[in-house]
Amino acid sequence: MRHVVIVALFVLTMTFLVYTGLNALNPLPTQAATQAVVVDRMFHLEFIAIAFLFSLITVPLVYSLIVFRRRPGDTGVGRHIEGNIKLELLWTIIPLITVIAFSYMGAQALGDTLRVDPQALQVKVTGFQWAWRFEYPDYGITSNALYLPVNRQVLLRLESPDVIHSFWVPEFRVKQDVVPGRETQLRITPTTIGEYTVRCAELCGVSHAYMRSPVVVVSQEDFDAWVAEKQEESTEATGPDAGRGQKLYETLGCKACHSVDGSEGVGPTWKGLFGSEVELDDGSVVVADEAFLAESIREPGAAIVAGFAEGTMPSYALEESQIADLIAFIESLK
Amino acid sequence: MKKILSIGLVRGLVFQMIGTLIGALLVTAVRAAMGLSAFSARTFGFTEPAWVFGGFVGVLAFVYGTRVLDDWIAWARGEDTPEHREDEPGWRKYFSPSLDHKVIGIQYTVTSLLLLSVGGLFALIFRTELAASGLQFLSLKMYNTLMSLHGIIMIVSILLGIAGVMNYLVPLMIGAPDMAFPRLNAFSFWVAPPAAVLLLSSLALGGFDTGWTGYPPLSARAPLGMQMFFLGVWVAGWSSILGALNLIATVLRMRAKGMTAFRMPIFVWAAVATSLIALTATQLIGLSFQLVMFQRLFGMGFFDPAKGGNPILFQHLFWFYSHPAVYVFVLPGLGLISELLPVFVRKPLFGYRWVAMSSLGIALVGFLVWAHHMFTSGMNEYLRVPFMYSTLLVAVPTGVKFFSWVATLWEGKIELPTPMLFTLGAIVAFLMGGLSGPPNAIVATDLHLHDTYFIVGHFHDTMFGGYIFPFFAAIYYWFPKATGRRLNEKLGKWHFWLMTPSFLVLTMGMMRIGLLGMRRRIADYDPALGFDLTHTVLTVAAFLIAISVLIFFYNIYITLRKGEVVTGNVWNSRSPEWQVPSPMPAHNYDRPIEVVGEPYDYSLPDAPYVRFAE
Ligand SMILES: [Cu+2]
Ligand SMILES: [Cu+2]
């Protein structure tokens with residue numbers, strides 16, 4: 001009995017120490033959305049349970065190793081205890097109640113992260129190998145960065161043209177896969193102005209590690225200004241522009257495979273590509289004119305350049321104007 | 001030459017090569033006759049269908065080549081063969097089919113250790129790559145391939161390892177002369193090496209970049225290596241299913257007189273629970289992979305949304321096996337913990353029946369939780385809540401085990417030789433895994449944790465605690481039984497004290513950066529996240545683990561050459577296999593065993609567990 005009391009005291013102390021220790025380590029990223037608040041509250045309940053259970057097992061374990069170790073010269077045996085029905089029932093029923101309670105709270109928390117604001121801003125998010133694109137149907141604009149007004153719920157409608165991706169901004173906590181052939185949704189209410197990064201969390205092929213885009217949370221005024229600027233840009237955008245094409249080259253990730261200085265890469269270099277003769281893997285030769293390049297970008301599988309592997313070049317759901325910009329950029333690389 | 005070719009393994013490998021070639025040529029000829037393209041530069045000469053069919057024929061040829069089918073072929077012809085086949089003396093018997101469960105057990109275990117080394121080597125390579133941000137020496141593609149192969153090779157290694165331990169121990173523990181179906185047993189082992197060859201061949205055939213989960217549509221577009229991976233797992237599945245069938249039959253039919261269900265050694269309970277899962281769930285992973293293979297080969301759009309398929313369906317099929325599979329990996333290990341604790345504490349296992357039932361409980365509930373891997377997948381939203389309840393329910397029987405272990409230690413006479421150290425290490429490691437589990441099971445927090453390094457840390461904890469530590473404990477403990485020599489204690493302690501802290505640092509570090517935003521399965525990370533230092537520490541920890549395992553291999557080598565010879569009951573165990581001299585004779589017990597007491601009454605020295613019939 002004396003042993004039990006000592007161990008119980010140690011367990012309580014240890015629980016306290018482990019829990020404070022965990023908190024002192026700042027285990028979670030900054031909290032920047034109402035959904036994150038809900039998730040973190042759940043995390044803290046779990047930390048308490050973890051601290052307690054950790055102590056409940058390790059303390060008597062270490063205590064036994066010290067107190068009940070076989071001392072030199074002792075040839076005796078342990079005390080004959082086969083079990084104890086009451087104890088066994090106890091440590092089945094109490095955990096059972098605990099896990100049901102945690103499931104219940106977990107379901108409540110999940111519900112809270114899904115709470116719908118009918119006024120939510122809608123953004124259509126396309127995740128593709130290996131970048132993100134954001135469309136604002138209410139404003140008719142498209143962007144490579146996700147701009148969000150602070151304290152307003154946004155409904156992300158996620159789509160993928162190729163493989164599964166996953167939308168995750170650690171500061172917002174919640175995460176949702178992007179599945180080809182269907183739309184998935186995620187609701188986020190950012191609460192802190194700042195710059196974050198959305199990173200793809202589901203392995204989606206070679207350049208998965210680099211599939212990320214900026215997420216910028218701004219005040220409502222700044223958001224309105226950004227929208228206006230974007231709208232102007234898109235009306236100005238008359239005719240293809242090599243400068244915009246170069247930006248796309250960098251932001252869309254073409255850069256990962258295509259060089260612009262003639263050096264070798266995963267894909268053919270773009271230097272001197274425009275107007276040159278290209279040999280395809282079926283032996284035919286074509287001229288890399290505008291039509292061929294546009295087709296290559298739209299449908300990479302349609303014609304394969306000799307010496308390169310089919311299926312490497314990802315298909316991007318690009319708009320015609322973006323393709324035109326890219327081709328203008330390629331054309332500028334003599 | 002003739003002498004070398006008389007070795008089953010060598011013949012098998014030669015046959016596999018020839019078989020692969022014949023299969024591939026056959027398909028190529030048919031394709032040419034049909035006017036389809038016969039060769040492809042993109043897929044290393046042969047077309048993809050040719051490679052896949054070749055790989056399949058290669059496996060059949062391997063198995064045929066080893067002569068493990070010979071008895072069955074003879075029977076089909078109406079010929080008789082002798083009931084027993086005596087093995088060659090010495091080491092050669094391990095390289096050819098044997099019908100002795102102990103030889104097969106060692107074959108499994110050694111193959112498992114080999115694959116463990118290969119998988120571990122892959123991990124070290126990409127762990128080194130991760131030591132700093134930026135790409136050091138691996139390409140993105142190579143990283144993905146190594147990471148994916150590490151996963152699947154370790155899984156196969158674990159499956160073979162538990163098959164090894166179960167094969168060796170279960171017949172001995174229940175007092176049987178062998179497994180119920182010795183030829184099936186040999187067959188189950190001999191399909192594993194060609195499967196391993198297939199898996200490794202994916203490295204040479206373009207690799208694959210999907211992780212061991214092989215989710216389509218990514219896996220439907222991946223390089224040819226993907227198919228070799230699918231086929232390899234598919235074949236390895238046979239080993240698992242047939243081995244499980246055999247084990248269940250053995251335990252049901254061949255127990256010694258007096259060995260009622262609740263007088264079986266607790267490890268046997270765990271082995272049965274594991275085998276029940278392996279027998280009934282493995283089909284699903286084989287099938288889900290087969291469906292993707294067919295999608296690639298024949299354009300069947302099972303998981304292709306453009307053809308009306310559903311990528312999420314794959315995840316359901318895949319996890320319906322792959323979740324229970326983790327219990328296949330850990331239940332035997334947890335059984336070993338329960339088996340070894342009483343020996344070194346000299347008192348009974350606390351609540352034996354409840355512990356036995358908890359294994360079955362875990363096996364049962366384990367079937368109802370698969371979708372917890374899919375909380376963010378976009379499956380029907382309301383499904384997430386019931387799967388959270390069922391998943392957390394697993395904590396109850398798991399908790400029962402922990403409480404029983406601690407209660408077993410309580411008021412014992414604890415000794416700490418190497419096997420006991422590893423048993424205690426297993427408890428601590430599995431505790432870390434167990435405690436980091438519920439946050440993933442609770443949907444709200446899993447929305448943050450899913451697909452992060454936290455998960456990686458969590459399952460390495462469960463795999464080390466549920467398999468690696470107990471597996472080493474078992475090797476240290478039963479090595480004298482198998483070889484008549486005892487592993488060096490001093491080296492064993494080095495192994496333990498180097499591995500355990502490194503391992504704890506490794507997984508806790510993984511969990512920490514996972515919580516902070518480190519994704520899993522990435523070749524490179526943003527230096528702005530500030531994870532460089534932690535990753536360096538993790539890499540160092542990984543190398544220390546590797547060094548500790550090298551010490552273990554050295555220990556085996558040196559012990560086999562000149563280790564302490566022990567033929568008696570080294571650990572003063574009550575289990576029947578220790579009541580006869582080591583190494584174990586060929587047909588186990590020369591006199592039948594009768595069970596006359598409880599298995600774990602270590603605190604009652606005058607009440608034996610088994611008696612030999614006069
Ligand atoms: Cu990705
Ligand atoms: Cu699972």
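Which helices of chain B each supply at least two residues of the lining of the largest cavity? They are α6 (140-173), α10 (225-253) and α11 (266-298); helices (H or I, at least four residues) are DSSP runs numbered from the N terminus.

The model is predicted, and totals for chains, interfaces and linings use all residues, whereas local features need pLDDT of at least 70 and side-chain atom pairs count only at pLDDT 80 or more. Residues are numbered from 1 along each chain as its sequence is written, chains are lettered from A in the order in which they are written, and side-chain values use heavy atoms, without hydrogens and water.

**View 1. The largest cavity holds about 210 Å³ of space.** A cavity is a set of points, on a 1 Å grid over the protein atoms alone, where a 1.4 Å probe fits but cannot get out; lining residues have an atom within 4 Å of a point. Its volume is the space filled by probe spheres set on the points. The whole structure has seven cavities of 30 Å³ or more.

**View 2. Lining of the largest cavity, with α6(B) giving the largest share, seven residues.** Among the 20 lining residues, B:Leu159, B:Ala163, B:Ser239, B:Ser240 and B:Gly243 are the closest to the centre. The lining has 13 nonpolar, seven polar and no charged residues (nonpolar: Ala, Val, Leu, Ile, Met, Phe, Trp, Tyr, Cys and Pro; charged: Asp, Glu, Lys and Arg; polar: the others, Gly among them).

**View 3. The second largest cavity, of about 100 Å³.** Residues lining this cavity include B:Ile152, B:Leu159, B:Trp212, B:Ser240, B:Thr282 and B:Tyr321. Two or more lining residues come from each of α6, α10 and α11 of chain B. Nine of the lining residues are nonpolar, three are polar and none is charged.

Definitions and conventions
On a 1 Å grid over the protein atoms alone, a cavity is a set of points where a 1.4 Å probe fits but cannot get out, and a pocket is an open set with protein on both sides within 12 Å along at least five of seven lines; lining residues have an atom within 4 Å of a point.
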